[in-house]
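Dear colleague,

I am handing over the structure below, and after it I set out what was found. Please read the notes alongside the coordinates.

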Amino acid sequence: MVEYRIDRRSGVATYLQIVQQTKQALRLGLLEPGDKLPAAREVVEATAVNPNTVLKAYRELEREGLVEARRGLGTFVLRSLGAAPGDSPLRAELAEWAMRARVAGLVRDDVAAFFAAVLDEYFEDTGEEQ
């Protein structure tokens, strides 16, 4: 089950944070086809956001064909994204690197800048999110 964390200082709309975190969980294999998303009420209780915000996020995910709302049952995952399992050795290597960066005194924005630069160098930006 995915647990949403809302960063009210990020400048990113709350519903988009829910969409992005759901997609990340799909990419990492934390959510798989058939899994049920938390009920809007549960997300509201855990994050103190407006119920309409959660529903807007779920509608966006449904519009993208990632989830399906089943009346009276909840919202279920239809398909996954990516091919990066959460227990991948690459994740472990990245976690080790992040720890070294933190020990070296880098802050989150520094690490994000490094990572974005490397992504730009090795991956073509098609402007589309898969």
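Of the contacts in the chain with a separation of 6 or more, 54% are between residues 24 or more positions apart, where contact means heavy atoms within 4.5 Å. Please keep in mind that this is a predicted model, in which local features need pLDDT of at least 70 and side-chain atom pairs count only at pLDDT 80 or more, while totals for chains, interfaces and linings use all residues. Residues are numbered from 1 along each chain as its sequence is written, and side-chain values use heavy atoms, with hydrogens and water left out.

The chain holds five helices and two strands, in the order α-α-α-β-β-α-α along the sequence; these elements are DSSP runs numbered from the N terminus, with helices being H or I of at least four residues and strands being E of at least two. The C-alpha trace spans about 50 × 30 × 30 Å along its principal axes. Of the 130 residues, 24% count as buried, which is to say under 20% relative accessible area with a 1.4 Å probe and protein chains only.

The largest nonpolar core has 20 residues, and those with the most contacts inside it include Tyr 4, Ile 18, Leu 31 and Val 54; such a core is a set of buried Ala, Val, Leu, Ile, Met, Phe, Trp, Tyr and Cys residues joined through side-chain atoms within 4.5 Å. Two or more residues are given to this core by each of helix H1 (14–27), H2 and helix H3 (51–63). Leaving out residues up to four places away in sequence, Val 54 touches Ile 18, Ala 40, Val 43, Val 44 and Val 49.

Thr 47 belongs to helix H2 (residues 40–47), and it counts as buried because its relative accessibility is 9%. Apart from its neighbours within four places in sequence, Thr 47 is in contact with Tyr 4, Ile 6 and Arg 8. A polar atom of the Thr 47 side chain also lies 2.6 Å from the backbone oxygen of Val 43.

As for the strands, S1 (residues 67–70) and S2 (residues 74–77) run antiparallel and are joined by four bridges, where pairing requires that DSSP finds at least two bridges between the strands. Val 67 has Val 77 in S2 as its bridge partner. Three residues lie between the strands of this hairpin, in which Gly 72 takes a positive phi near 80°.

With best regards

Conventions: Buried means under 20% relative accessible area, exposed over 50%, partly exposed in between (1.4 Å probe, protein chains only). A polar contact is a pair of N or O atoms within 3.5 Å; within protein, one must be able to donate a hydrogen and the other to accept it, and residues adjacent in sequence count only if both atoms are side-chain atoms.
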